[in-house]
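Q: I am new to this structure and would like to learn how its helices can be read. Could you take me through them one feature at a time?

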Amino acid sequence: MGLISLLWGIVAMIWMVLALIPLLGWGNWFLIPFAAVGAIIAAVGILFTSPERRGRAKAGLVLNGIVIVVGIGRLVLGGGII
């Protein structure tokens, strides 16, 4: 689960960088739910993994959390469209 959430977070981060380009802000509407699913996968990974093997899941959770916050901030600044 940890590796899946980490890879999911990396893909979401790349998508976020592309959505920061002007006139591509509408991509955040799809990015935020995508990153939320990655955060849920990471939370499940943290829940069912032994404490010494939670590093990847925690990293995936942090990555997806950052993507969600930046995506919401970008939508607020762009009025939800731009």
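The dialogue below goes through helix packing and then a single side chain.

A: Please keep in mind that this is a predicted model. Two packed helices are described by the angle between their axes and by the distance between those axes.

Q: At what angle do α1 and α3 pack, and how far apart are their axes?

A: Helix α1, residues 2–19, packs on helix α3, residues 55–78, at an angle of about 25 degrees, and their axes lie 8 Å apart. Because angles under 35 degrees count as roughly parallel, α1 and α3 are roughly parallel to each other. The crossing of these two helices, α1 and α3, is left-handed. On the α1 side the contact includes Leu3, Leu6, Ile10, Met13 and Met16, while on the α3 side Leu63, Ile66, Val67 and Val70 are among the residues that take part. Sorted by class, the contact of α1 with α3 has 14 nonpolar, 5 polar and 2 charged residues.

Q: At what angle do the axes of α2 and α3 cross?

A: The axes of α2 and α3 cross at roughly 155 degrees and come within 8 Å. Since angles over 145 degrees count as roughly antiparallel, α2 is roughly antiparallel to α3. Here, too, a handedness can be given, and α2 passes α3 in a left-handed crossing. Among the residues that meet are Leu31, Ile32, Ala35 and Ala39 in α2, and Leu61, Ile68, Ile72 and Leu75 in α3. By class, this contact of α2 with α3 has 14 nonpolar, 6 polar and 2 charged residues.

Q: Which residues of α3 are buried, and what do they pack against?

A: The buried residues of α3 are Ala57, Gly60, Asn64, Val67, Ile68, Gly71, Arg74, Leu75 and Gly78, and they pack against α1 and α2, the latter being residues 28–48. Along its length, α3 has 24 residues and reaches 34 Å from its first C-alpha to its last, close to the 34 Å expected at 1.5 Å a residue. After α3 comes Gly79, whose phi is positive, near 75 degrees.

Q: Is Trp15 buried, partly exposed or exposed?

A: Trp15, which lies in helix α1, has a relative accessibility of 29% and therefore counts as partly exposed. Leaving out residues up to four places away in sequence, Trp15 touches Gly27, Phe30, Leu31 and Phe34. One of these pairs can be followed in both sequence and space, for Trp15 and Phe30 are 15 residues apart in sequence and 9.7 Å apart from C-alpha to C-alpha.

Note on methods
Residues are numbered from 1 along each chain as its sequence is written. This is a predicted model: local features need pLDDT of at least 70, side-chain atom pairs count only at pLDDT 80 or more; totals for chains, interfaces and linings use all residues. Side-chain values use heavy atoms; hydrogens and water are left out. Axes are lines fitted to C-alpha atoms, for helices over the stretch in contact, and angles run from 0 to 180 degrees between N-to-C directions. Helices (H or I, at least four residues) and strands (E, at least two) are DSSP runs, numbered from the N terminus. Angles under 35 degrees count as roughly parallel, over 145 as roughly antiparallel, 65 to 115 as roughly perpendicular and the rest as oblique. A crossing is left-handed if the near helix is turned anticlockwise from the far one by less than a right angle, and right-handed if clockwise. Contact means heavy atoms within 4.5 Å. Ala, Val, Leu, Ile, Met, Phe, Trp, Tyr, Cys and Pro count as nonpolar, Asp, Glu, Lys and Arg as charged, and the others, Gly among them, as polar. Buried means under 20% relative accessible area, exposed over 50%, partly exposed in between (1.4 Å probe, protein chains only). The expected span of a helix is 1.5 Å times one less than its number of residues.
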